[in-house]
Amino acid sequence: MFMNLSSSDKLALLSFSSLERQATYQVLCGMMAVDGDRDPREKRIIEDCMAVMNFTESERVASRSLSVNQQLQILKSMDYLQKIVLAKCLANVSIADGVVTREENGLFMYLLDILDLPADPDDLFR
């Protein structure tokens, strides 16, 4: 696996519902595409996360029908640990190619706000 996930991260990913997996996939793909460069390393991070989640091809296809608003509502309703693991996956996608662009950082900060997660990683476990 390209991304190093802890046992608790893997358990959290396994707890995602089908809709949560679909929304996660779309948001991770959005992170990959936001800078205009779909780097193979970013794609690999996404595929690794989704493999841990047992994401199916039918879920991949179904995910395309979720609007952005639906995706965000689904992700907002997840539990705190799931949101933290999602944030880790998003961060790993954004740094996979070695460059975090202004667009990637902006999307990441926006999603942290939507998910009600602190922007400072030190505050995640307080």
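**Close-up views of a predicted model**

View 1. S94 has a relative accessible area of 5%, so it counts as buried (under 20% relative accessible area, with exposed over 50% and partly exposed in between, using a 1.4 Å probe and protein chains only). S94 belongs to helix α6, residues 80-95; helices here are DSSP runs of H or I with at least four residues, numbered from the N terminus. Setting aside neighbours within four places in sequence, S94 is in contact with M31, V99, V100 and E104, where contact means heavy atoms within 4.5 Å.

This is a predicted model, in which local features need pLDDT of at least 70 and side-chain atom pairs count only at pLDDT 80 or more, while totals for chains, interfaces and linings use all residues. Residues are numbered from 1 along each chain as its sequence is written, and side-chain values use heavy atoms, leaving out hydrogens and water.

**View 2. Here α6 meets helix α7, residues 102-114.** Their axes come within 10 Å and cross at roughly 175°; axes are lines fitted to C-alpha atoms, for helices over the stretch in contact, with angles from 0 to 180 degrees between N-to-C directions. The two helices are therefore roughly antiparallel, a term for angles over 145 degrees. On α6, look for A87, L90, A91 and S94; on α7, find E104, F108, L111 and L112.

**View 3. Now turn to V61 in helix α4, residues 57-63.** V61 is partly exposed, with a relative accessible area of 45%. Q22 is 39 residues away along the chain, yet the C-alpha atoms of V61 and Q22 are separated by 8.8 Å.

Key
Angles under 35 degrees count as roughly parallel, over 145 as roughly antiparallel, 65 to 115 as roughly perpendicular and the rest as oblique.
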